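This report goes through the fold, the aromatic pairs and the chain interface in turn. The sequence and structure come first.

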Amino acid sequence: MNILCVCGNGIGTSVLLKVNVEQVASDMNMDVNVTTSDAGSAKGTANMSDLVLTSPQLAAELEGVDVPVETIENFMDPDEVKKILEKYAD
Amino acid sequence: MATDFEQFLPDSAFLIDAEAQDWRDAIRLAGKGLVDSGFTTNAYTDDMIATVEAMGPYIVIAPGLALAHSRPSAAVLHTGLSWVRLSKAVPFGNEANDPVSLVIGLAGRDENEHLQVMSAIARALSNPQASEELRHAATPEAIRAILQR
């Protein structure tokens, strides 16, 4: 599945999140393609992915997007990421 | 990899047990580490503060940890990071993850140049033991050594 990680500028927190998501997905044997974006351009590209991950503070910027948007509080917690991925794994 | 770390996270980028009055002050310290290492101009420090003012404290990405940064601009001279460990934790207004005791400053020329170092940081911080050791490491060498495992 295609996962888009969104942060304010697209170079910091989303990159850390991408690393964590890729690690967790690989542990779960999930096939994922993770990309990163800043909140401003995410609205345009979000619909090309299957799932959007972002922080609670930025979720409002993604309102109206057609794909599921999940928020993560601790970007460094593999368990929190895993719980979300489990909902979408099949 | 070792050269990468000394290039992106040199001794001059560390402020260990520094004191901050509030979150703006904490970000200013992260900015100082970046400026002192030749990564950014002072304008980038203001940009990092403005990012939080505009978008909220989303940069507090894990309990006690803020990743201070802004977007690539003319104020970014080279890609690099700074590492600020506060002597006393300060609140950033992020309910889930306050208060913050470690501020990592990030200046990126694009989203790729710092990927290797960021991957190492993500790996270390998502490992409870390495993360705990990072909080107590006393020198830049010790911190770089933990990140490079």
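The sections below describe the sheet, its helix, the aromatic pairs and the interface.

## Basis

This is a predicted model, in which local features need pLDDT of at least 70 and side-chain atom pairs count only at pLDDT 80 or more, while totals for chains, interfaces and linings use all residues. Residues are numbered from 1 along each chain as its sequence is written, chains are lettered from A and ligands numbered from 1 in the order in which they are written, and side-chain values use heavy atoms, with hydrogens and water left out.

## Sheet of chain B

Chain B has an open sheet of five strands in the order β1-β4-β5-β3-β2, with mixed pairing. Strands are DSSP runs of E with at least two residues, and helices are runs of H or I with at least four, numbered from the N terminus; two strands pair if DSSP finds at least two bridges between them. The edges are taken by β1 (14-18) and β2 (60-62) of chain B, each with a single partner strand, so one side of each has no neighbour in the sheet. From one strand to the next the twist averages 20°; axes are lines fitted to C-alpha atoms, for helices over the stretch in contact, and angles run from 0 to 180 degrees between N-to-C directions.

Strands β3 (residues 65-69) and β5 (residues 100-107) of chain B pair in the parallel sense over five bridges. His69(B) has Leu106(B) as its bridge partner in β5(B). Helix α2 (residues 23-36) of chain B lies across β1, β3, β4 (80-90) and β5 of chain B, at about 145° to β4(B).

## Aromatic pairs

Over all chains there are two aromatic pairs. Rings of Phe, Tyr and Trp (its six-membered ring) pair if their centres lie within 6.5 Å; planes under 30 degrees apart count as stacked, over 60 as edge-to-face and the rest as tilted. Phe14(B) and Trp83(B) form a tilted pair, 6.4 Å centre to centre with 40° between the planes. Phe14(B) is in strand β1 and Trp83(B) in strand β4 of chain B, 69 residues apart. Both Phe14(B) and Trp83(B) are buried (under 20% relative accessible area, with exposed over 50% and partly exposed in between; 1.4 Å probe, protein chains only).

Trp23(B) and Phe92(B) form a tilted pair at 6.2 Å centre to centre and 45° between the planes. Trp23(B) lies in helix α2 and Phe92(B) in the loop between β4 and β5 of chain B, so this pair ties together parts 69 residues apart in sequence. Trp23(B) and Phe92(B) are both buried.

## Interface of chains A and B

In chain A, 19 residues are in contact with 30 residues of chain B, contact meaning heavy atoms within 4.5 Å. About 2000 Å² is buried between chain A and chain B, 69% of it from carbon and sulfur atoms; buried area is the accessible area (1.4 Å probe) that two parts lose on being put together, summed over both.
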